[in-house]
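User: I have a structure open and would like to go through a few parts of it. Can you take my questions as they come?

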Amino acid sequence: MSIEKYEIVIGCEIHTQLLTKTKAFCACENRYGGMPDTRVCPVCLGLPGAMPRVSKGYVELGAVAGLALNCKIARFTKFDRKHYFYPDLAKGYQITQYDIPLCSDGFVDLPMRNYPEEGRPGGAKFREKNFAGNPCVSPDGKYRRVRIERIHLEEDVGKSLHMEGTHSYIDYNRCGTPLIEIVTKPDMTSPEEAALFMQSVQEILRYVKVTKGNLEEGNMRCDANINLNVWEDGKLFHTPISEIKNLNSFKAIREACAYEAQRQLEEFQNDRQPFNAGFKVTMGWDEAAGKTVVQRTKNSFVDYRFVVEPDIKPFSVSEDLIARANEKVGELPEAKRERFKKDFSLSDFDAETLTSTRELSLWFEEAAKNSKSPKRAANLILSELLAYLNEKNLSIGEITLTPAHIAELADSLEERKITSKQGKEVFAKMLETNKLPSEIIREEGMSQISDSSEIEKLVEQVLAQNEKAVNDYKGGKTNVLGWLCGQVMKMSQGKADPKQAAEFIRKKLEAN
């Protein structure tokens, strides 16, 4: 028996906390951290007689997330109870949605340009695959689609704290935090693709202000379901599905899926296990050891004994709520990138950077629209402003400069009112004083000399004072041209138009 080839199959379940003011079913504050067990109530703790109520904005934010991920929104839905025992689940069940989720049938298109060249989907080999329901590459070859089966609302559980020694503690502050769970089809074919998918989901949901998306704080976590399709002697086999729980970084997703794929391949070769579509092995990721470890087995949804939540009535989702949610979605990052490249002639890299957050993209767009040179405005933001923000660890919303400052500075440079060196000085002065460039240029006497007769006189003086450099140029040392141009700039105190200066020098040297 010999393995001809194998293929990795990955589906993701991404849990994302929502940015509501209160928890999902009570009035406790929805906030990360703080003293353990200080933001809890009878509803969070599942005490007898406590009655949950759906918090205002919870369903609407779920709908915003669904629309941002191209889902259909249910007009009628309900909550269910999912029963299981775990120390941090105070009630012994979780309020969630089972058979009628709020959102369904969505997708995320991953830009092909973000894939590593090696093993990139979209090539001839990829297109030859012919499995039922296999995801496709867009006709133009630019995008790889990952389908979303459902997004449902549910509450988060508490957090187990394992201290040194023999003790563990439970912090119930997280109980009842509003979550959405995004469940994909098994459409991903590599660990890198799974990480890229989660990265794209994080970006989109941050854009529409649904979540902080902070992986370190547990705002977003991923369970990866992975198995292999293996061809052996002309027959197709499937390895058992492993569900790797609570992956909280893109690196962890890549490394855990890569390790598990290799482990399953070795198991297939040495200790073959039968495939059962309703059976999963729940795995944990031991980052320090760099391997997956078995936690428990799970046979089917029957294990959870789902029942309709008796304390929350099934409800209708109004057209007004969906319209409000749709308004909050707005233009998404990939659409914005394509438009910026088209409207402002930006490169892929520049467009990616300037749309990294919604706030930055709106800030740039305002500067670009108010400038005669959007491309120069983009360059100023990329080279000067972002460097300053990174150095000071600030966001675009935390500075006093406005898009008008950048637009005016871009125009001053484009119209050669100041040199590029002076532009850096003006930028520094803007940060220091918050004055507009025109005011700084006037006060500092920075206006660039662009009168050709003035520049010609400066060039003649420099050539007369530097006979050796002139002779060197005539002797073939053409690199002295830059030095002579520098002398003109020095004599003009940086005010001469460097392009005109260089042109006059060249003409005079070649004429003599």
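User: How many residues are in helix α16, and how far does α16 reach from its first C-alpha to its last?
Analyst: This is a predicted model. In it, α16 covers residues 480-491, which is 12 residues. The helix reaches 17 Å from first C-alpha to last, close to the 16 Å expected at 1.5 Å a residue.

User: Which residues of α16 are buried?
Analyst: Val 480, Leu 481, Leu 484, Cys 485, Val 488 and Met 489.

User: And α5, what is its reach?
Analyst: Helix α5 runs over residues 250-270 and has 21 residues. Its reach is 30 Å, close to the expected 30 Å.

User: Which α5 residues are buried?
Analyst: Phe 250, Ala 252, Ile 253, Ala 256, Cys 257, Glu 260, Ala 261, Gln 264, Leu 265 and Phe 268 are buried in α5.

User: Switching to Asp 88. Where is Asp 88 placed?
Analyst: Asp 88 is in the loop between β4 (80-83) and β5 (93-96).

User: Is Asp 88 buried or exposed?
Analyst: Buried, because its relative accessible area is 8% and the cut-off for buried is under 20%.

User: What does Asp 88 touch?
Analyst: Leaving out residues up to four places away in sequence, Asp 88 touches Val 157, Gly 158, Lys 159, Ser 160, Ile 170, Tyr 172 and Cys 175.

User: How far is Asp 88 from Thr 38 in space?
Analyst: They are 15 Å apart, C-alpha to C-alpha, and 50 residues apart in sequence.

User: Next topic, cavities. How many of 30 Å³ or more does the structure hold?
Analyst: The structure holds 1. The largest cavity has about 60 Å³ of space.

User: What lines the largest cavity?
Analyst: Cys 44, Leu 89, Ala 90, Lys 91, Tyr 93, Glu 155, Asp 156, Val 157, Cys 175 and Gly 176. By class, that lining has 6 nonpolar, 1 polar and 3 charged residues. Val 157 and Cys 175 are in the lining, and Asp 88 touches both of them.

User: Now the whole chain. How many helices and strands?
Analyst: There are 17 helices and 17 strands.

User: What is the radius of gyration of the chain, against a compact globule?
Analyst: The chain has 30 Å, while a compact globule of 512 residues would have a value near 24 Å. The C-alpha trace spans about 95 × 60 × 55 Å along its principal axes.

User: What share of the chain counts as buried?
Analyst: Of the 512 residues, 49%.

User: And what share of the contacts join residues at least 24 apart?
Analyst: Among contacts between residues at least 6 apart in sequence, 70% do.

Conventions: Residues are numbered from 1 along each chain as its sequence is written. This is a predicted model: local features need pLDDT of at least 70, side-chain atom pairs count only at pLDDT 80 or more; totals for chains, interfaces and linings use all residues. Side-chain values use heavy atoms; hydrogens and water are left out. Helices (H or I, at least four residues) and strands (E, at least two) are DSSP runs, numbered from the N terminus. Buried means under 20% relative accessible area, exposed over 50%, partly exposed in between (1.4 Å probe, protein chains only). Contact means heavy atoms within 4.5 Å. On a 1 Å grid over the protein atoms alone, a cavity is a set of points where a 1.4 Å probe fits but cannot get out, and a pocket is an open set with protein on both sides within 12 Å along at least five of seven lines; lining residues have an atom within 4 Å of a point. Grid points are joined across faces, edges and corners, and a volume is the space filled by probe spheres set on the points. Ala, Val, Leu, Ile, Met, Phe, Trp, Tyr, Cys and Pro count as nonpolar, Asp, Glu, Lys and Arg as charged, and the others, Gly among them, as polar. The expected span of a helix is 1.5 Å times one less than its number of residues. The radius of gyration is taken over C-alpha atoms; the globule rule is 2.2 Å times the number of residues to the power 0.38.
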